[in-house]
Every structure is written in C-alpha cells, then in structure tokens.
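I hope they are handy while you have the coordinates open.

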Amino acid sequence: MNGALSQEEITALLQNGGEAAEPAPSGSAAIVTPDECDTIGEIANISMGTAATTLFSLVNYKVDISTPVVSMATWDDIVSQYERPCVFIRIAYTVGLDGSNLLVLKEHDVKVITDLMMGGDGTNTDGELGELHLSAISEAMNQMMGSAATSLSSMLNKTIDISPPEANLIDLKDSLDEKEIDEFLTGDFVRISFKMEIGDLVDSTIMQLYPVSFAKEMCEGVTQTMTKDLEETAPSSISAAPTPPPASQPQAAPMMQQQPMMMQQPMMQQQPMMMQQPVNVQQAQFQSFSGDFNPAIFQKENIDLIMDVPLEVTVELGRTTKSIQEILDFAPGTIIELDKIAGEPIDVLVNGKYVAKGEVVVIEESFGVRITEIIK
C-alpha cells in the first residue's frame, strides 16, 4: 500500500477488524445513517412547524412549510443549485447545544416577508435589499427560531436558547470563500430543504444547513430522551401486568372460565323483570308559608346586607304644566306658579318613590326638610 492512509480508510479499517475495505461512498451514508436522517427530519419538521406559526402571527398571512428533505451537501452544491443572491441567517445556540446552523432564504422572499411585517401587502419588492430588510428579517428569524428552540427543548428534555440571529446578503460568487460565512461550509454538511408558501405571494424553497457534529448531537439527545422515557414507563407497565396463578392450584383457571358463563344467564333473564317492577311515585310535600311564618324574624338580618347602598333623596316643592310656547317665554324674573298652596307640606321622594311629607326649614345657610309624616 503506497502512501499514508486517509482518515476514512483508517476508520473503515478499524471497523472491519484490521482488514482493508473499500473506500466509503460519498453521500449521507458516509457520514450520517438513514436513521439519523429520519431523526433530523423529524426534529426539523417539528421545529419549522412551530416557526411557521410564529411567522403567521408576524405577517398575518397563511404560512405553509412542507415536510423537510434531508441530504448531505457541499458548498459547490449550494452555489450551483440555489438562486443568487440570497440571504444567509446564522443562528447560534448559547444554552443546551454547542454549535450553530444557517438558514438560507431567497432575496425575493425576504423582501415579501419584511414588506408584510411593515404593514404592506407584500408586493413592494422593488429596489435593492438594504439594512432595513436585514434587520427586519433578523427579528422575524429571532422570534421564529426562538419558538423552534422551545419545541427542541421539549424534545431533548433540556433548556435550549439562541443568540440574536445575524443576516447577511450573499452573492454566491465562485470566488467567494465559504469560510467567510461559517467554517463548517468547507466540508460536507447536512442540508434540510423545505418548501415554503405564504399566501399567494411566496412559493419558494428555504434551506437549513447543519454541521455534521451538530446534527449528530441533536440525534443523540433525542435518542437519549426516548430511552429515558421508555425506562421510566417500563416498571409501571410490568407492575400493572396480571400475576399468573400459582402452579399448586391447577383448578383455578377452569373455575374462572366457567364463572362468567354461570352468572351471565341468570342476569339476562332477570333484567326484563327488573324493568317491569312498579315505581313508587309520591306527590311532593311543601311547607305552608301561611299562618306562623313571621318575616320580621329574618328582616333585620337581610336588611343589614344592604345598609350601605346609597339612595337618592329628592324634595319636591311642587309641580306645574306649561306649554312649549310658555317655556320658550321663560326669562330671568319669570314667576312659575306651582300646584302647592303656601304652607302645605312638601313631598319627599327616595329613588323617585313618594315616602314622606315635610316642611322646609333653614339650617344655618342651607335649606332643610323636617319630616312631618311617613307615607305607609
């Protein structure tokens, strides 16, 4: 064998017990297993489903994100297959996970989303993409991926948090060094593609790019959580299982099988007889409220509950009736003759109800009324 072995050849050699093996084929099978691809797809599906709900609340348009497609990719694949220019949004995890991922959106999609966020109808997409668009899409992704991190926390059973996303417009030129965006783009990485629809304004494809180590860490976390849940539920299921009868009682099983048959027949025969039995119906008995009932016994206790309720007291000196023409002729100095005779008691009303008679008195500088008669 000429030359030094590569890292992949060394790994294959160790896995085959020291025997040389054919180089591992490129693609997802070389780095992530099919089971890991399925797990990554399920994680992305739940996370982006939550993010779509958040985006709906921001743009007030129906947002549909399809089932993800997971594959391995390189920087050359992104450059050759994706529309240019596009917006790369970097999401870094600060708590719970160690690493970052990239969300890739088309320039037109970003313009539509930001226009809707600013109160437009999504059609104002002319002009270049500026700092205002990048700031708006960063805030949108902050809320979307924040809600996705919450869903991820429940899957991994630990707290997940992210830093504010950073958005940049990338032209994807052939001379662009992928290291300027992120180090993991220099090798193979996991690509997750989604189809996104926003009303009838956007029908496009977005991508999430994961480092392989980061994707494997998420898969491992989900696997550990599922294993822990199974271990916690296993004892309860075992204890709930019925205990088999002892071997020293061989006749217990036949007796248990015969007992339901012996009880079932009499019950079916007795049921019609029970339904035909007469029902004892009696007339309702009510206590009479006439005679010895004395409401005064309960009056004080009940009225105490409403002692603080305010009532409007009105003193009416008298009334009269005038035509509209006479009222229009009112002027300062006009005398209005009332239906009360001088010296006649005035009326006292409580909440509009006539309750007493009285006479006008003067208390220092104010008028008052002395009650002379209570109206029963």
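1. Among chain contacts (heavy atoms within 4.5 Å) between residues at least 6 apart in sequence, 61% join residues at least 24 apart. The chain has 376 residues, and buried ones make up 30% of them; buried means under 20% relative accessible area, exposed over 50% and partly exposed in between, with a 1.4 Å probe and protein chains only. It holds 10 helices and 12 strands, which are DSSP runs numbered from the N terminus (H or I of at least four residues for helices, E of at least two for strands).

2. A word on the basis of all this: the model is predicted, with local features needing pLDDT of at least 70 and side-chain atom pairs counting only at pLDDT 80 or more, while totals for chains, interfaces and linings use all residues. Residues are numbered from 1 along each chain as its sequence is written, and side-chain values use heavy atoms, with hydrogens and water left out.

3. How do helices α3 and α6 pack? Helix α3 (residues 34-59) meets helix α6 (residues 131-156) at an angle of about 140°, and their axes are 8 Å apart. Axes here are lines fitted to C-alpha atoms, for helices over the stretch in contact, and angles run from 0 to 180 degrees between N-to-C directions. That makes α3 oblique to α6, since angles under 35 degrees count as roughly parallel, over 145 as roughly antiparallel, 65 to 115 as roughly perpendicular and the rest as oblique.

4. By class, the contact of α3 with α6 has 10 nonpolar, six polar and no charged residues. Ala, Val, Leu, Ile, Met, Phe, Trp, Tyr, Cys and Pro count as nonpolar, Asp, Glu, Lys and Arg as charged, and the others, Gly among them, as polar.

5. Helix α5 (residues 107-117) deserves a look too: nine of its 11 residues are buried, so α5 is largely enclosed by the rest of the structure. The buried set includes Asp 109, Lys 111 and Asp 115. Buried residues of α5 pack against α3, β3 (86-95), β4 (99-106), α6, β7 (189-198) and β8 (202-210). Just after α5, Gly 119 has a positive phi of about 95°.

6. The axes of α5 and α6 come within 9 Å and cross at roughly 80°, which makes α5 roughly perpendicular to α6. In α5, Val 110, Lys 111, Ile 113, Thr 114 and Met 117 meet His 133, Ala 136, Ile 137 and Ala 140 of α6. By class, the α5 contact with α6 has six nonpolar, two polar and one charged residues.

7. Two neighbouring positions are worth checking by eye. Lys 106 sits in strand β4 and is buried, with a relative accessible area of 18%. Leaving aside neighbours within four places in sequence, Lys 106 is in contact with Tyr 82, Glu 83, Cys 86, Ser 204 and Thr 205. Glu 107 lies in helix α5 and is buried, its relative accessible area being 18%. Not counting residues up to four places away in sequence, Glu 107 touches Pro 85, Cys 86 and Leu 129.

8. Is Leu 172 buried or exposed? At 0% relative accessibility, Leu 172 counts as buried, and its place is in the loop between β6 (166-170) and β7. Beyond residues up to four places away in sequence, Leu 172 touches partners including Trp 75, Ile 78, Val 79 and Phe 88.

9. Finally, the rings. The count comes to four aromatic pairs, where rings of Phe, Tyr and Trp (its six-membered ring) pair if their centres lie within 6.5 Å, and planes under 30 degrees apart count as stacked, over 60 as edge-to-face and the rest as tilted. Phe 184 and Phe 189 have ring centres 5.9 Å apart and planes at 85°, so the pair is edge-to-face; both residues are buried. Tyr 210 and Phe 214 have ring centres 5.4 Å apart and planes at 80°, so this pair is edge-to-face, and both Tyr 210 and Phe 214 are buried. Ring pairs link Tyr 93, Tyr 210 and Phe 214 into a cluster.
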